[in-house]
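Here is a short walk through one structure, contact by contact. Keep the 3D view open as you read.

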Amino acid sequence: DRTQSRPSLERVPVDPALVDVGDGDTVTIRWGDGDPERVRILGIDTPETAHPSMGWFDDQPYGRQATAFAEGVFAMAETVELVRAAETDGYGRTLGYLFVNGRNYSVLVVAARYAVETVSHYGDNGLPDEAEAVLAASRESGPVPFEPPHEFRRRMRELKDWREQRASEKRAE
């Protein structure tokens with residue numbers, strides 16, 4: 001069951017001091033009392049940073065810049081609001097849009113060319129106005145200077161598998 005257990009489809013105020021940036025498209029909100037909420041920001045996919053636990057050790061070009069962009073935006077936020085989709089993702093993370101000082105963060109990061117839009121692949125997640133704003137920003141900003149992150153992740157999985165196969169073959173020798 002992927003039904004969101006928290007209030008969804010409405011703006012919920014968030015104290016900006018409670019937002020921890022994971023990377024350009026994921027944050028954690030520390031609600032307190034051991035109640036962190038990981039939020040996969042809707043409408044976008046930003047370049048990856050290294051994930052040694054997943055077997056890749058290299059940053060994707062622009063990954064660090066996308067993360068720094070998010071850190072800057074949330075550090076300067078006077079207000080933050082979260083709009084959750086009605087369902088979580090396959091990893092149990094909240095899917096939602098974040099509004100910083102009244103502006104859709106997904107639109108900001110697409111306009112800065114640190115993210116590709118994902119609405120055309122995943123749909124509007126029940127939030128059509130927010131999704132359309134991301135699509136409009138993508139049309140306006142043009143192509144990004146990096147490989148689509150989903151393609152980078154696929155290549156990194158292939159590289160991880162190759163490395164593991166090579167290590168296995170060397171152990172068998």
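Phenylalanine 146 is buried, at a relative accessible area of 7%. Buried means under 20% relative accessible area, exposed means over 50%, and partly exposed lies in between (1.4 Å probe, protein chains only). The model is predicted, so local features need pLDDT of at least 70, side-chain atom pairs count only at pLDDT 80 or more, and totals for chains, interfaces and linings use all residues. Residues are numbered from 1 along each chain as its sequence is written, and side-chain values use heavy atoms, with hydrogens and water left out.

Now the aromatic pairs. The structure holds four of them. Rings of Phe, Tyr and Trp (its six-membered ring) pair if their centres lie within 6.5 Å; planes under 30 degrees apart count as stacked, over 60 as edge-to-face and the rest as tilted. Tyrosine 62 lies in the loop between strand 5 and helix 1, and phenylalanine 146 in the loop between helix 4 (128-141) and helix 5 (149-172), so the pair ties together parts that are 84 residues apart in sequence. Helices (H or I, at least four residues) and strands (E, at least two) are DSSP runs, numbered from the N terminus. Tyrosine 62 counts as partly exposed, at 31% relative accessibility.

Phenylalanine 69 and tyrosine 105 form a tilted pair, 6.3 Å centre to centre with 40 degrees between the planes. Phenylalanine 69 sits in helix 1 and tyrosine 105 in helix 2 (residues 105-111), so this pair ties together parts 36 residues apart in sequence. Tyrosine 105 is buried, at 0%. Phenylalanine 69 is partly exposed, at 22%.

Go back to the loop between strand 5 (44-45) and helix 1 (63-75), where glutamine 60 lies. Is glutamine 60 buried or exposed? Its relative accessibility is 2%, so glutamine 60 counts as buried. A polar atom of the glutamine 60 side chain lies 2.6 Å from the backbone oxygen of glutamate 147. Leaving out residues up to four places away in sequence, glutamine 60 touches Pro47, Glu48, Phe146, Glu147, Pro148, Pro149 and Phe152. Contact here means heavy atoms within 4.5 Å.

Next comes helix 5. In this helix, Pro149, Phe152 and Met156 are buried. The buried residues of helix 5 pack against strand 5 and strand 9 (116-117).

Which charged side chains join up? The whole structure has 15 salt bridges. A salt bridge is a side-chain nitrogen of Lys or Arg within 4 Å of a carboxyl oxygen of Asp or Glu. Arginine 153 forms one with aspartate 45, with the closest N and O atoms 2.9 Å apart. This pair links distant parts of the chain: arginine 153 is in helix 5, aspartate 45 in strand 5, 108 residues apart. Aspartate 45 is buried, at 6%. Asp45 and Arg153 are also linked with Asp25, Arg40 and Glu48 in a network of salt bridges.

Glutamate 37 and arginine 84 form another salt bridge, 2.7 Å between the closest N and O atoms. Glutamate 37 is in strand 4 (residues 36-41) and arginine 84 in strand 6 (residues 80-88), 47 residues apart. Both residues are buried. Glutamate 132 and arginine 139 also meet in a salt bridge, at 2.8 Å from N to O. Glutamate 132 is partly exposed, at 38%, and arginine 139 is exposed, at 57%.

Terms used. A polar contact is a pair of N or O atoms within 3.5 Å; within protein, one must be able to donate a hydrogen and the other to accept it, and residues adjacent in sequence count only if both atoms are side-chain atoms.
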